[in-house]
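Visitor: Hi! Could you walk me through this model?
Guide: Happy to, let's take a look together.

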Amino acid sequence: MDWVNAVLQGVLLGGLYALFAAGLSLIFGVMRLVNIAHGDFIVLAAFLGLVVTTTLGMHPLAALAIVVPFMALLGYVLQRCILNQTLGNDILPPLLVTFGLSVIIQNGLLEIFTANPQKLSAGALETASIPLGGGLNAGVLPILTFAAAVAIIAFLQWIFYRTSLGRAFRAVSDNQDIAQLMGLNKSHIFGLAMALSMAVIAIAGIFLAVRTSFDPSVGPARLIFGFEAVIIGGLGNLWGTLIGGIILGVSQNIGAQINPGWQLLAGHIAFLIVLAVRPRGLFPRVDG
Amino acid sequence: MSAATDHIIVQSSRASRAASIVALLLLAILVAAPWWAGRADLRLFGEIYLYVALACLWNFLAGYAGLVSVGQQAFVGFGGYCLFGMAMFLGIHPMATIPFIFVLGALISVPVAVLIFRLRGAYFAIGTWVIAEVFRLTAAQISALGGGSGTSIPVDIIRSIAASRSGREHAAYWAALAVAILVIACVYLFLRSRQGLALQAIRDNETAAQAMGIDIWRTKFFVYVVTAGLTSAVGALIFLQKLRISPDAAFSVNDWTAFVIFIVVIGGIGTIEGPIVGTIVFFLLRETLADLGSAYLLILGVVAIVVMLRAPSGLWGFVKSRTGLELFPTTRRVVPKHKD
Amino acid sequence: MADPILKIQNLDAYYGDFQALFGVNCEVNKGEIIAIIGANGAGKTTLMRAITGLLKSDPDMVQWHGSPVGALRADQVARLGIAMVPEGRQLFPSLSVEENLKIGGQVGRSGAWSVETVFELFPILKERRNVPSTSLSGGQQQMVAIGRALMSNPDLLLFDEISLGLAPIIIKTIYDALPNIVGDGMTGIIVEQDIAKALSVSDRVYCLQEGRVSLEGSVKSISREDISHAYFGV
């Protein structure tokens, strides 16, 4: 029963990892940018949530109404002011600039909030669970996180394939020059993609902050989990990131079940096995 | 064909010949440092040399081979742990472990490279980070070396290096100096070789290089493996200086990668001189701003971003574009033959 | 005579250190079709890139209805009513046929052209509206590329090497459709290697040679000898 439980909790944990991965996958798809500071932005959103909930006395989920638009705006401004200047044929500038951002965010948060672990309190929601019979319980919060991940991926999928914004995303991704000829300002489109990615980051940050304690140094590990989910699932496949997240979550929980010290290691090993056996991921996008 | 005989192809220049004389003089002064520098200075110099070595190696990977790694701490930590393990369990003299550690680091990087070379560009970078995490988590599982909390080198092993404390410090100093020079020499000689030419061709235009029959995968693989071996050796010396190791210190992304990246970016990526200039600037900043704590890192991050956006070739690139100065010339130039 | 809608004035264009155009002058009046001819590397595509804003120049070097547009971005130029059918078609592979057309209409200029009217012009596209653009034949792709440019209801439409790589029968179909396309007061610039084809539909011609205008004039008044002299420089 412990094992079944480990798998169940792992699947639900996978929802959180899919949230980490979706934003990463989105901006890579649109502008081939990998944001090394992705995890640190998740932590930044968590701290923003902390500030909003403590100063306004709001419930963490209500705080999303403030944190999501704030992060989206930050993403747009960041893209227009800094990141657009780094895009080009050379992969070095975006990598190093986002790496610099990562260090800046970590140390900025450390200056303001110290290294003490923090947590968002969601009241009864934290402990509420649904009995599934046979001694199994599923927490309401993990279920909510998983549902949010499914909803967000479905929403992103809808934007990508059913709206004019998504059409613009795909066109700019295909051919920037010709997209410009169609009247699309790529700087603006990239800004919108980053804003969307940051909105997802904000949601991921709040769910992370309610689920576990966090401090300024935990960002890079979130980046790595998100990245592993993307690669396991297959590049360019949003639904794949959900499967990738689930595989990662289940591997970690099974590892922890064997030996608590092996939790993270088991996740990384699952990732390395997929990389060795299916380097393009389990569900790579068929075209290109 | 008189044109062919009137001109010769050279790599050296007057500046580089002058630089080599100055460098030899400087080297003599640095070798003699234990007789003129204080204990604290000696320690600082040792640390500077090791950072020069790390920066040179990272620059070799990222600036020349286009392999942008944010996971070189994997090999720094690996080297450190190997030193502790070999000295404590195999009874090998710590200084004698260094060549073995170079070989071990190169060996372990082979399967690593086979795996992560499947990732491209920025995803390669994060892949290297995953590898470093795997190394760190594995080290934390080795209870004989203190598990998650780490361990210190036993006193009798420390004594085996040299009887006196100053003797040990001098040995560590000279070892650091030697490894820094070795690294610079290796990178410099490699870049001047046929292989190095191939590497720079790949950097300039991968498709064209491939068309000219250069095996890109093999060239990059070779660079990655050699760099891993040398980085491990540097890592061993770093922890020989510290005498204490723990997974978090050994595999720290800030200490062994973030600092190193900032050094190379500020100094000038893709040049031999850049990492050296960058390290000097880095330590000057550190000595003056160290009191700021985490704000210091924050400032460093801002400086690195500004340099990357406004002057992507760094400080040395700026000097080079103004003066044409190249102390370690890796490019070949055609010059008219002199009468003398 | 009315002022030209497009005026190119002493246009120099560079790719890095390489200068591709040297002081090019050119005027296009409303409703006419201009042919731009020249050998490979003469600077024809560069001129197109400069007009559309893909290649930046000094503001005054390209003037649209008398105002300087040389320094504008390509998307701003597109909004002013200049569209291009690019060399090699360059459809968006991730987009379906219909989406490729719709994205052309995204600038929001009103006019006669819509997805429906493009389908009337090229009925085959209507049948294939939902397939990925990459699964079309070369000729059909060229129809999509033309339709995509028309969707912005441009005042000036540039055709860059539209017959390149297509079968003669397809080229004929497309050239037969051109009068319908450019008929309604639209102005066109046609860049072609196939001189005879280009001249058959144009009013005036400019010949480029090594980045300079070597000949200009009305198609009727120019002889074959003039053209071959200007084209080959012999």
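Guide: Buried area is the accessible area (1.4 Å probe) that two parts lose on being put together, summed over both. This is a predicted model, where local features need pLDDT of at least 70, side-chain atom pairs count only at pLDDT 80 or more, and totals for chains, interfaces and linings use all residues. Residues are numbered from 1 along each chain as its sequence is written, chains are lettered from A and ligands numbered from 1 in the order in which they are written, and side-chain values use heavy atoms, with hydrogens and water left out.

Visitor: Thanks! What area is buried between chain C and chain A?
Guide: About 1900 Å², with carbon and sulfur atoms giving 57% of that. In residues, 22 of chain C are in contact (heavy atoms within 4.5 Å) with 17 of chain A.

Visitor: And how many salt bridges across that interface?
Guide: The rule finds two (a side-chain nitrogen of Lys or Arg within 4 Å of a carboxyl oxygen of Asp or Glu). One salt bridge pairs Arg170(A) with Glu99(C), whose closest N and O atoms are 2.6 Å apart.

Visitor: How do the residues on the side of chain C that touches chain A divide?
Guide: Into 10 nonpolar, five polar and seven charged.

Visitor: New topic: how many disulfides over all chains?
Guide: A search of the whole structure finds zero, taking a disulfide as a pair of cysteine sulfur atoms within 2.5 Å.

Key: Ala, Val, Leu, Ile, Met, Phe, Trp, Tyr, Cys and Pro count as nonpolar, Asp, Glu, Lys and Arg as charged, and the others, Gly among them, as polar.
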